[in-house]
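This briefing goes through a few features of the structure shown below, grouped by topic.

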Amino acid sequence: MDFREMLYITTVADCRSITAAARKLYISQPSLSHIVSKVEQDVGVKLFDRGTSPLTITYAGEKYVETARKILLMSDNLRKELIDAGLGEKGRIVFGMPTERAGYMLPAVIPEFKKQYPGIELHVIEAKSDELLQALLRDDISFFVIPRSHGELPAGLKAESIYRERLLLVAEKSLIQDDMFLETEQATDRMPLSAAKCCLNLNALKDLPFIMLKKGHAIRKKTDLVLRQYGIEPKIMIELSSCISAVQLASAGLGAAIVPQRAIDALGGMERFSCYDFSVTPESWSVNAVYKEDMYLGRAERCLIDLMKQKFNREASSAVPER
């Protein structure tokens, strides 16, 4: 067995198809099929049941893939350590982000990163949060950036906080009535009296249509959780893949949307929209870099994460209170 064979077998296991795996690996289907047969002959057991569609991995195949992933990870860690030993002058970072978050965060950090590591190539995988998690578990990426806490992750993963991000409800003013706001006397020392005028009582919004992100997005998970806490079964007007689109539809009076502040900032800022807190203590979540606990982060990868912390911690410190 060699590293190439391990990579090919794990890719077939991920794709559950030799044809699809061959496309991903940029080799011919007959060549990959021959390699799989050769590995099976070498180890003396069948790794896949090719009589099913999609292809089924056997128990022996599961054990092979489990060990192969560990070996490939160790090999990748060694490669990064050797690159670091050579001052990290050349290399490639493969990491993940949801598409809109990449457009929001990366322009703020890539120019400085390229000054420090001009020879490092950045390759960004853009996908939904759930898809990025699976990519990390397959070792397709070194880390990804999402608002998901350690408690929401499988064992063996680490969530390193980059910054806290405020969450807001956006709705056109005509949908919001005076009796939907929290009463001023409900304000506490955690919230100035003036802020109570902008804090909605979600119970009063239960009959409004909601604009939601599709399942698999982090903000959809958060919105579902918040509404369940208030016993609200939302009337979903439409499901989208874009927080920015959700803000635009909400501002057009089509419903209410709970979104991260970065989606509002991308469209010109809070002064352009009717934005409301929906909790006495303004809601926020931690945007984290997520990676395997046994993953070695090279100097360049560490630099990229630290630059995100420096840039966005400064911006968030005045907007989001610590909780």
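In this predicted model, the second largest cavity has a volume of about 40 Å³. A search of the whole structure finds 2 cavities of 30 Å³ or more.

**Second largest cavity**

- Its lining consists of Ile211, Met212, Leu213, Ile219, Arg220, Thr223, Ala257 and Ile258.
- Strand E7 (209-213), helix H8 (218-229) and strand E9 (257-260) are the elements that give two or more residues to this lining.
- By class, the lining of the second largest cavity comprises 6 nonpolar residues, 1 polar residue and 1 charged residue.
- Ile219, one of the lining residues of this cavity, is also among the residues that Trp285 touches.

**Largest pocket**

- The largest pocket holds about 920 Å³ of space.
- There are 27 residues in the lining of the largest pocket, and Leu7, Val94, Asp139, Asp140 and Ile141 lie nearest its centre.
- At least two lining residues come from each of helix H1 (3-15), helix H2 (18-25), helix H4 (59-85), strand E3 (91-97) and strand E4 (120-126).
- Helix H1 contributes the most to the lining of the largest pocket, with 7 residues.
- The lining of the largest pocket divides into 12 nonpolar, 4 polar and 11 charged residues.

**Chain as a whole**

- The chain has 11 helices and 11 strands.
- Of the 323 residues in the chain, 47% are buried.
- Among contacts in the chain with a separation of 6 or more, 73% are between residues 24 or more positions apart.

**Ile93 in strand E3**

- Ile93 is found in strand E3, an element that supplies at least two residues of the lining of the largest pocket.
- Ile93 counts as buried because its relative accessibility is 2%, and buried means under 20%.
- Leaving out residues up to four places away in sequence, Ile93 touches Phe113, Ile120, Glu121, Leu122, His123, Phe143, Ala300 and Glu301.
- The C-alpha atoms of Ile93 and Leu297 are 9.9 Å apart in space, and the two residues are 204 residues apart in sequence.

**Trp285 in strand E11**

- Trp285 lies in strand E11 (residues 284-292).
- With 8% relative accessibility, Trp285 counts as buried.
- The side chains of Trp285 and Glu165 are joined by a polar contact of 2.8 Å.
- Not counting residues up to four places away in sequence, Trp285 touches Arg101, Pro147, Tyr163, Arg164, Glu165, Leu167, Ala218, Ile219, Lys222 and Pro260.
- Between Trp285 and Ser149 the C-alpha to C-alpha distance is 8.4 Å, with the two residues 136 residues apart in sequence.

**Ser286 in strand E11**

- Ser286 is also placed in strand E11.
- Its relative accessibility is 18%, so Ser286 counts as buried, given that buried means under 20%.
- The side chain of Ser286 makes a polar contact of 3.1 Å with the side chain of Ser161.
- A polar contact of 2.7 Å joins the side chains of Ser286 and Asn288.
- Ser286 touches Ile146, Pro147, Arg148, Ser161, Tyr163 and Arg164, not counting residues up to four places away in sequence.
- Pro147, Tyr163 and Arg164 are among the residues touched by both Trp285 and Ser286.

**Aromatic pairs**

- The whole structure contains 5 aromatic pairs.
- Tyr104 and Phe312 form a tilted aromatic pair, at 5.5 Å centre to centre and with 45° between the planes.
- This pair links distant parts of the chain: Tyr104 is in helix H5 (residues 99-116) and Phe312 is in helix H11 (residues 299-317), 208 residues apart.
- Tyr104 counts as partly exposed because its relative accessibility is 21%, whereas Phe312, at 2%, counts as buried.
- Tyr104, Tyr163 and Phe312 form one aromatic cluster.
- Tyr163 of this cluster is also touched by Trp285 and by Ser286.

Conventions. Residues numbered from 1 in each chain as written. Predicted model: local features only at pLDDT ≥ 70, side-chain atom pairs only at ≥ 80, totals over all residues. Heavy atoms only, no water. 1 Å grid on protein atoms, 1.4 Å probe; cavity = no way out; pocket = protein on both sides within 12 Å on 5 of 7 lines; lining within 4 Å. Points joined across faces, edges and corners; volume = space filled by probe spheres on them. Helix = DSSP H or I, 4+ residues; strand = E, 2+ residues; numbered from the N terminus. Nonpolar A, V, L, I, M, F, W, Y, C, P; charged D, E, K, R; others polar. Buried < 20%, exposed > 50% of the residue type's maximum accessible area, 1.4 Å probe, protein only. Contact = heavy atoms within 4.5 Å. Polar contact = N/O pair within 3.5 Å; in protein donor to acceptor, adjacent residues only side chain to side chain. Phe/Tyr/Trp six-rings, centres within 6.5 Å; stacked < 30°, edge-to-face > 60°.
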